Amino acid sequence: MFGKRFTFPGGIKPKSYKELTKNCPIESLPEPKSVLVFFHQVIPTGSSAVPIVKPGDKVKKGEKIGAGEGKISSPVHSPISGIVREIKEFPHPVLGRKSLGCLIENLGDGETALLPENLSPWEKIREAGIVGMGGAAFPTYLKLNPPKPVDTLIINGCECEPYLTGDFRVMVEYPEEVLLGAKVMAEILKAKKVIIAIEEDRKEAIESIGSKIKSQNSEIKFQLVISHAKYPLGGEKQLIKATLKREVPSGKIPYEVGVCVQNVQTTFAVYEAVFCNKPLYERVVTVSGDGINKPKNLRVKIGTEIKEIIDFCGGMKDGVEKIIFGGPLMGIAVPSPSTPTLKATTGILLFTRKKEEPARDCIRCGRCVSVCPMHLLPSILYQMIKNEEFAKAKEEGLLDCIECGCCAYTCPAKIGLVESFKMAKAYGK
């Protein structure tokens, strides 16, 4: 079981920097004095939850404050017990515009509102407000109700972005809970097989999950799959290709090939919702980078301001120029230390000032083509976009670009390839 290593074509192997936090056990950040919880906690094209509280209301930890309405939406819960001070529009760190948020002041009591016990597992997952916690933020209850049969559930333990180790620590510290969450989702999907996919350099997670799989006594087949450590293996299409040799067609999603992919922390949240009746109001976040004094893995309440998290990690070093939500390759720079965390915040990375090289003309070396995991021609796409040939770029597969950043990472001319692709996609809408 541990001999063969799985992989996919293309991709890159950036320095991981995971040694900064991989041996840091998960700590709980003390409850914040206040939280700012956005009602929009799903993918950008989804719908915001609708407020069901108003300023002046007292709320319990875990109490639903926003109802999930619309085709792609999910409920939102209070991460603390306190009083609602404001509901208004605040700058959203991912949407790039203002969005409705709920400012709650902590009153310091420990009361917690739980999910109703009489709900089915699928209903608990829906009511808990669980979304894809690997960064995608797609509502999990929708993903567990596919329009076509699914035979295999893949638990994505390939945390391939540099610096991030939150999923790794969850697998090391909570292997039984991860497998119980996976079993629940496999039963909902009626999937016959569960694959836990982990990269080869996460030995502690492989041993932790592997030992629990051996003790499983279930009609559902559990399999541990070990892959080469390569970015972006955590992408759904790359993971399916690597583990099952199935190709998700252009413009399609995994259920088209009988597969559902779920992130490790999403799986843990499913366990907490179904077995503990706990809504999703906190998650594990990696705090790392060369600009933080004490890198850590922290359990953080959703809506906590970054500056409280940074202070708990010993503060930031002099010269910090950039703060990123997520990994360095696909993450988003945030404008201020007062930005609150979201359900999909995998990491908070702080980087000190470094001189960026100016872009030069393309030298046609072809490196971007060799690393593209979607088999695209990034340099050709870039020239089309530069010539404003957007329709032609679409025909060449622009919309299949997963914006992983492999092309820009490997480009010796330092051309902003991903930025141009993002711009062209937005222009085409």
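Q: How many aromatic pairs does the structure hold?
A: The structure holds six aromatic pairs, where rings of Phe, Tyr and Trp (its six-membered ring) pair if their centres lie within 6.5 Å, and planes under 30 degrees apart count as stacked, over 60 as edge-to-face and the rest as tilted. In the pair of Tyr-174 and Phe-268 the ring centres are 4.9 Å apart and the planes stand at 45 degrees, so this pair is tilted. Tyr-174 lies in the loop between α3 (166–173) and α4 (175–189) and Phe-268 in helix α7, 94 residues apart, which makes this a link between distant parts of the chain.

Q: And where do these numbers come from?
A: This is a predicted model, in which local features need pLDDT of at least 70 and side-chain atom pairs count only at pLDDT 80 or more, while totals for chains, interfaces and linings use all residues. Residues are numbered from 1 along each chain as its sequence is written, and side-chain values use heavy atoms, with hydrogens and water left out.

Q: Is Phe-268 buried or exposed?
A: Phe-268 counts as buried, at 12% relative accessibility; buried means under 20% relative accessible area, exposed over 50% and partly exposed in between (1.4 Å probe, protein chains only). Ring pairs also join Phe-268 with Tyr-174, Tyr-271 and Phe-275 in a cluster.

Q: What about Glu-272, buried or exposed?
A: Glu-272, which is placed in helix α7 (residues 264–276), is buried, with a relative accessible area of 16%. Helices (H or I, at least four residues) and strands (E, at least two) are DSSP runs, numbered from the N terminus.

Q: Switching to the sheet, in what order do the strands come?
A: Six strands form an open sheet in the order β1-β14-β13-β17-β15-β16, with mixed pairing, where two strands pair if DSSP finds at least two bridges between them. The edge strands, each pairing on one side only, are β1 (26–28) and β16 (332–333).

Q: Which strands does β13 pair with, and in which sense?
A: β13 runs antiparallel to strand β14 (residues 296–301), joined by six bridges, and Val-285 stands opposite Leu-298 there. With strand β17 (residues 347–352) the pairing of β13 is parallel, over three bridges; Val-287 stands opposite Ile-348 and Ser-288 opposite Leu-349.

Q: Why is β13 described as largely enclosed?
A: Seven of the seven residues of β13 (residues 282–288) are buried, so the strand is largely enclosed by the rest of the structure.
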